[in-house]
Amino acid sequence: MALIAKEGSSFEPAPEGVFPARCIWVIDLGTQVSDGMFGHSEKHQMYLNWELVDETTSSGLPLTIGSFFTVSLIPKGNLRPTLERWRGRAFTPEELKGFDVAKLINAPCQISIKHQPKADGSGIRAQVSGVMAPVKGMVVGAAREKTILFDLDDPTAKTKLAELPDWLKSKVASTAEWQKIMGFEAAAPTPAPQNTLNNAYAAMKNGTIPTHKPVTAGEGFDDEIPF
């Protein structure tokens, strides 16, 4: 499989516009630690990757693009508004108790992409500017790339890490969660508050995971909502 999914590949960025797409990767990045101009930060993050189902690279490969999210359903976070636009409706209070992010795998959408100049002036960078629900009656084609759900709490995480590109492997390997999996003692980052609004991913794992089946091209959805 050609793992070309990068947020604005340096070789061939995704074009600007709005495109039918499917989510092909949901990657748990664990607690990402940074020390920047705004101080020390520890955030549970994940990476979503979409395939533009009707587009290809100049060499004929599927064209993909991704984006990082903080795993939180707080209203001011970046994940909740994205998912609500994607669903075409707001979360109910019951849904906010824990959302199964595995349901995003193969979920159809329309994705908006814009171009921005790179900071070093070497070209342009493609960026996801919006994710929306497919319009009523819209048929989103099947993804061609393999779907990947990577969960650090999954017993198969060691094996599944090999499916990821090196730049994502390094992000996962830097976390205290991965050090624990590998049997190394590491100072654990300050955990996010364990409530359903500030850590939906953990809440999902601690509760009952809703059952779901993969979405196939052209299949209908209840109330036109993909997940």
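1. Cysteines. In this predicted model, the sulfur of C109 has its closest cysteine sulfur in C23, at 7.6 Å, which is too far for a bond. A disulfide would require the two sulfur atoms to lie within 2.5 Å, and the count of disulfides is accordingly zero. C109 is buried, at 0% relative accessibility, and C23 is likewise buried, at 0%.

2. Aromatic pairs. The count of aromatic pairs comes to six. One of them joins Y47 and W167 in an edge-to-face arrangement, with 5.3 Å from centre to centre and 90° between the planes. This pair links distant parts of the chain: Y47 belongs to strand β2 (residues 39-56) and W167 to helix α3 (residues 166-173), 120 residues apart. Y47 is buried, with 0% relative accessibility, whereas W167 is partly exposed, at 24%.

3. A further partner of W167. F68 and W167 also form an edge-to-face pair, at 6.2 Å centre to centre and 80° between the planes. Because F68 lies in strand β3 and W167 in helix α3, the pair ties together parts that are 99 residues apart in sequence. F68 is partly exposed, with a relative accessible area of 25%. Through such ring pairs, Y47, F68 and W167 are linked into a cluster.

4. V71 is located in the loop between β3 (62-70) and α1 (79-87). The residue is buried, with a relative accessible area of 4%. Between V71 and V101 the C-alpha to C-alpha distance is 9.6 Å, while the two are 30 residues apart in sequence.

Methods. Residues are numbered from 1 along each chain as its sequence is written. This is a predicted model: local features need pLDDT of at least 70, side-chain atom pairs count only at pLDDT 80 or more; totals for chains, interfaces and linings use all residues. Side-chain values use heavy atoms; hydrogens and water are left out. Buried means under 20% relative accessible area, exposed over 50%, partly exposed in between (1.4 Å probe, protein chains only). Helices (H or I, at least four residues) and strands (E, at least two) are DSSP runs, numbered from the N terminus. Rings of Phe, Tyr and Trp (its six-membered ring) pair if their centres lie within 6.5 Å; planes under 30 degrees apart count as stacked, over 60 as edge-to-face and the rest as tilted.
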